[in-house]
Number of protein chains: 2
Amino acid sequence: MIRLSKRTDYGLMAIRHLAGAPVGAFLSAREIAAEHRIPPALMAKLMQKLARKGLVASQHGTKGGYRIARDPSEITLWDVIEAIEGPLCFIECLDPIKGNCPQYPTCTVQKPLSAVQRRIAAVLEGTTLFDL
Amino acid sequence: MIRLSKRTDYGLMAIRHLAGAPVGAFLSAREIAAEHRIPPALMAKLMQKLARKGLVASQHGTKGGYRIARDPSEITLWDVIEAIEGPLCFIECLDPIKGNCPQYPTCTVQKPLSAVQRRIAAVLEGTTLFDL
DNA sequence: TAATATGGGACCAGCAAGGTCCTATATGCT
DNA sequence: AGCATATAGGACCTTGCTGGTCCCATATTA
C-alpha cells in the first residue's frame, strides 16, 4: 500500500506545530499531543525519532521539551518520513537489507521501478515543511 | 510505508510478460508464475483481479489463459496498482471509506498532503507499461 | 529532593499481506 | 460423453507490521 503511516502523519503535525511556535521555546510532547488529540505516549516516541535525526532539538527536565532545529524550509517531507519509517524502498527488491528475492534472475520490473522510486522521492524531497 | 506490495510487483511482472507475448496468444497463470518463480495459486488470484479491471482478457478451458487487453502504452502503473491494491490514499484522512479521524478539527497537514498525493498519482499515471 | 521532562526498551492486540486450498464453471480434445 | 485443464471465487491460515501502552533510567529545574 502506498500510504503514509499514522506515525508519520502524527510526526508531521507535531513538527509543523513546532515550526509555528515562538522561536527558542520548548514544547513538551504531552502538550503537542493534547493539541492534536494524539496518544501522548506515542507522540513521545515519535519525537524521540525526530530528535535522533536532528530535525528537532530536545531538552530534559522541567520546562524542557522540543523545539525545531532547522528552518522549516530546510526540512523536507522526505526527512520526516525517513526519520520515522526508515529508508523508503518502493519495492522489496530495492531494499538493501532483505536481499535475495527469488524473482531476481527474471525480474523485468526492478530497474524501471527504481526510476519511478526516484521520481517519487524527488517529489517528497521537493516538499518542505514551509510548503505545508 | 511507501512501498508497492509484492502482489502489485507480481502483477506488474505478469502483465509485462503478457505484453511481450505473441499477439492473440493466451498464457495460463501457471506458465507465467513458473517463468517468474511466483507461487502459482497467488498468481491466479492476481490475474483475476487484473481481468476484473479489464486490463487483461481471460479465456476458460484447455488452451485458455490470459492475454493483454489493451496496448501497453494505454496501461499505466496506476491502473495496475489500483486493480490489485484498490484506490490509493496517501493518508487515512483522505480515505473516503474510514472517515472521522480524531485529529480532523486540528489537522493542519491534510490539505497540503492531498496535493502531494496528487503529484505522486501523476507520476504513477504518467508511467505506462510501455515505459517498462 | 520532588516534580517533570526526555531516552529507550519490552510488550501487546489487531489487522493486513502473503500464501494455500477447495469447489464451481467453462472449454478443448479424444 | 467424458476427461484434462483452464479461470472464478470464496474460505482459511500464518506471519509480521502498525498503532499503542507501560515501565524504568536519566537529566533538569524549582
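Ile15(B) touches Leu50(B), Leu55(B), Val56(B), Ile68(B), Ile75(B), Val80(B) and Leu129(B), leaving aside residues up to four places away in sequence. Bear in mind that this is a predicted model.

**Nonpolar cores**
- Ile15(B) belongs to the largest nonpolar core, which has 35 residues. Along with Ala14(B), Met43(B), Met47(B), Val56(B) and Val80(B), Ile15(B) touches the most other members.
- At least two residues of this core come from each of helix 5 (110-126) of chain A and helix 1, helix 2, helix 3, strand 2 and helix 4 of chain B.
- The top contributor to this core is helix 1 of chain B, with six residues.
- Apart from this core lies another, of 34 residues, including Tyr10(A), Val80(A), Cys93(B) and Val116(B).

**Helix 1 of chain B**
- Buried residues in helix 1 of chain B are Thr8(B), Asp9(B), Tyr10(B), Gly11(B), Leu12(B), Met13(B), Ala14(B), Ile15(B) and Leu18(B).
- The cover over these buried residues includes helix 2, helix 3, strand 1 (56-59), strand 2 (65-68) and helix 4 of chain B.

**The hairpin of chain B**
- Strand 1 and strand 2 of chain B run antiparallel and are joined by four bridges. One pair to look at is Ser58(B) with its bridge partner Tyr66(B) in strand 2.
- Five residues lie between the two strands of this hairpin, and Gly61(B) in the turn has a positive phi of about 75°.

**Where the chains meet**
- Chain B gives 35 residues to the contact, and chain A gives 35 residues.
- On the side of chain B that touches chain A, helix 1, helix 2 (29-36), helix 4 (77-85) and helix 5 (110-125) of chain B each give two or more residues.
- That side of chain B holds 19 nonpolar, six polar and 10 charged residues.

**Around DNA strand C**
- There are 27 residues around DNA strand C, and the nearest are Ser58(A), Ser5(B), Lys6(B), Pro39(B) and Gly61(B).
- Both chains supply this surface: helix 2 (29-36), helix 3 (40-52) and strand 2 (65-68) of chain A, and helix 1 (6-19) and helix 3 (40-52) of chain B, each bring at least two residues.
- Helix 3 of chain A gives the most here, with five residues.
- The surface near DNA strand C has nine nonpolar, 12 polar and six charged residues.

**Around DNA strand D**
- DNA strand D is surrounded by 27 residues, of which Ser5(A), Lys6(A), Pro39(A), Gly61(A) and Ser58(B) are the closest.
- Two or more residues of the surface near DNA strand D come from each of helix 1 (6-19) and helix 3 of chain A and helix 2, helix 3 and strand 2 of chain B.
- Which element gives the most to the surface near DNA strand D? Helix 3 of chain B does, with five residues.
- By class, this surface divides into nine nonpolar, 12 polar and six charged residues.

**Chain A as a whole**
- Chain A has five helices and two strands, in the order α-α-α-β-β-α-α along the sequence.
- The C-alpha trace of chain A spans about 60 × 25 × 25 Å along its principal axes.
- Of the 132 residues in chain A, 32% are buried.
- For contacts in chain A between residues at least 6 apart in sequence, 64% join residues at least 24 apart.

How values were computed:
Residues are numbered from 1 along each chain as its sequence is written. Chains are lettered from A and ligands numbered from 1 in the order in which they are written. This is a predicted model: local features need pLDDT of at least 70, side-chain atom pairs count only at pLDDT 80 or more; totals for chains, interfaces and linings use all residues. A residue is near a molecule or strand if its C-beta atom, placed from the backbone, lies within 6 Å of it. Ala, Val, Leu, Ile, Met, Phe, Trp, Tyr, Cys and Pro count as nonpolar, Asp, Glu, Lys and Arg as charged, and the others, Gly among them, as polar. Two residues are in contact if their C-beta atoms, placed from the backbone, lie within 7 Å. A residue is buried if 20 or more other C-beta atoms lie within 10 Å of its own, exposed if 12 or fewer, and partly exposed in between; C-beta atoms are placed from the backbone. Two strands pair if DSSP finds at least two bridges between them. A nonpolar core is a set of buried Ala, Val, Leu, Ile, Met, Phe, Trp, Tyr and Cys residues joined through C-beta atoms within 7 Å.
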